[in-house]
Amino acid sequence: MSDRYDVVIVGAGQGGAQTAAVLRQQEHGGTILMIGDEPDLPYDRPPLSKEYLAGEKPFEKMLLRPPSFWADKKIDLRLGRRATSVDAEAHRVVLDDGAIVSYGALVWATGGAPRKIVCTGHDLRGVHTVRSRGDVDRLRCELATTSRVVVIGAGYIGLEAAAVLSKLGKHVTVREAMDRVLSRVAGEDLSRFYEREHRARGVDLRFGARVACIEENAGAASGVRLEDGEILAAEMVIVGIGITPAVEPLLAAGAYGGDGVLVDLQGKTSLPDVYAVGDCAAHANVHAHGAVVRLESIQNANDQATVVAKVLAGKPTAYDAVPTFWSNQWELRLQTVGLSKGHDAAVVRGKPEDRRFSVVYFREGKIVALDCVNAMKDYVQGKALIASGRAFDPSAVARADVELKSLL
């Protein structure tokens, strides 16, 4: 015997919550169930590595919707439960408690799990990731007895955590295997700016530094040993080396994919009546010259979820949003629009030393992305330049006294 719902959403994060909310906005009258593997109501994740870690934002302020919203909209929730398998032919999902749920349509919005570092000591007390409220709560409980922190990985999560912890008076070392920070998502101009900012605030950055193991003392982490033999002493280690998309049950059921589950521009997987949105969904993106990508951002999760909800409500549309990302570190507000990967030229607008500037990326003369630091106007206006698909003179774009919208 199993429960049956018209729409079952696996994942209660941004993408899952947005799918459910938009279904009701679009007057979808069927039954909806949202399944989440955390015990909490759907909440906003970006503050985890920023204001929540710093103790500046209470969890209640991070909820995506008021607690009453879900009952008012007749959206059923099963929290603290995980989907372990999918029977695509029978349209059924099996949960980790043995419950079986049948669906008319299935929306997979599971995001991903923090990628684990593969070395001795990875599971010691004091080794943390930053992906869930529980992760950060455990980390915060150890801060009072922590003076030295090693962050493994210099992506957004690693740098944001380093900024918060250095502000809290901790000695922070960031270890990065590549030769610069943000190497996978930004150009060198932005990387070097953030390196200078972190070093100016006492953060110790190490590049080309590969981890051999995590040292142990009485069952807890005591430092990170590098391959050259150096030991970086620490009572806390934070691992921020990306995520692994949580799509194993779909792939096991026969869905196409690998690094994520492959979807079309309506969010459909290769399985009948199964869709996917957010960090776990790989798609051919028009803003990446058709390359298949996974986008880990709130904007992408919301926009893909909105597309899928409209499709399920009988109002089909297609995903074509310009990607956006953001990061807060100290008083620096970074806003990114577009995808810079594969760019063949870049110019800087403004002066990085003034902490207000933009890096504009070009491919074949067309603007494909902007990284804007404390430059909201460039961020807003640059989106229109990307969407235009036109070529622009880099020397004109580089002039900070010229508004970008005037170039259209």
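User: Where does Ser 297 lie?

Analyst: The model is a predicted one. In it, Ser 297 lies in the loop between β21 and α8, the latter covering residues 298–312.

User: Why is Ser 297 called buried?

Analyst: Buried means under 20% relative accessible area. Ser 297 has 9% relative accessibility, so it counts as buried.

User: What does Ser 297 touch, and what makes these pairs contacts?

Analyst: Setting aside residues up to four places away in sequence, Ser 297 touches Asp 279, Thr 324 and Phe 325. They count as contacts because heavy atoms lie within 4.5 Å. Ser 297 and Gly 278 are 19 residues apart in sequence, with 7.6 Å between their C-alpha atoms.

User: Where is Asp 279 found, and is it buried or exposed?

Analyst: Asp 279 is found in the loop between β19 (274–276) and β20 (281–284). Its relative accessible area is 13%. The limit for buried is under 20%, so Asp 279 is buried.

User: Which residues is Asp 279 in contact with?

Analyst: Neighbours within four places in sequence aside, Asp 279 is in contact with Gly 111, Arg 131, Ile 243, Arg 294, Leu 295, Glu 296 and Ser 297. By C-alpha atoms, Asp 279 is 24 Å from Ala 163, and the two are 116 residues apart in sequence.

User: What makes the pair Asp 279 and Arg 131 a polar contact?

Analyst: A polar contact needs a pair of N or O atoms within 3.5 Å, one able to donate a hydrogen and the other to accept it. The side chains of Asp 279 and Arg 131 are joined by a polar contact of 3.1 Å.

User: Where does Glu 176 lie, and why is it called buried?

Analyst: Glu 176 lies in strand β10, which runs over residues 171–176. At 5% relative accessibility it counts as buried, because the term applies under 20%. Leaving out neighbours within four places in sequence, Glu 176 is in contact with residues including Gly 153, Ala 154, Arg 184 and Arg 206.

User: What is remarked on in the phi of His 289?

Analyst: Phi of His 289 is near 55 degrees, a positive value in a residue other than glycine. Most residues other than glycine have a negative phi. His 289 is found in the loop between β20 and β21 (292–294).

User: Is His 289 buried or exposed?

Analyst: Exposed means over 50% relative accessible area. His 289 has 57%, so it is exposed.

User: How do you know that the radius of gyration of the protein chain agrees with that of a compact globule?

Analyst: For 408 residues a compact globule would have a radius of gyration near 22 Å, and the protein chain has 22 Å, so the two agree. Along its principal axes the C-alpha trace spans about 65 × 60 × 35 Å.

User: What else describes the protein chain as a whole?

Analyst: Its secondary structure comes to 10 helices and 26 strands, and 52% of its 408 residues count as buried. Among contacts between residues at least 6 apart in sequence, 59% join residues at least 24 apart.

Methods
Residues are numbered from 1 along each chain as its sequence is written. This is a predicted model: local features need pLDDT of at least 70, side-chain atom pairs count only at pLDDT 80 or more; totals for chains, interfaces and linings use all residues. Side-chain values use heavy atoms; hydrogens and water are left out. Helices (H or I, at least four residues) and strands (E, at least two) are DSSP runs, numbered from the N terminus. The radius of gyration is taken over C-alpha atoms; the globule rule is 2.2 Å times the number of residues to the power 0.38. Buried means under 20% relative accessible area, exposed over 50%, partly exposed in between (1.4 Å probe, protein chains only).
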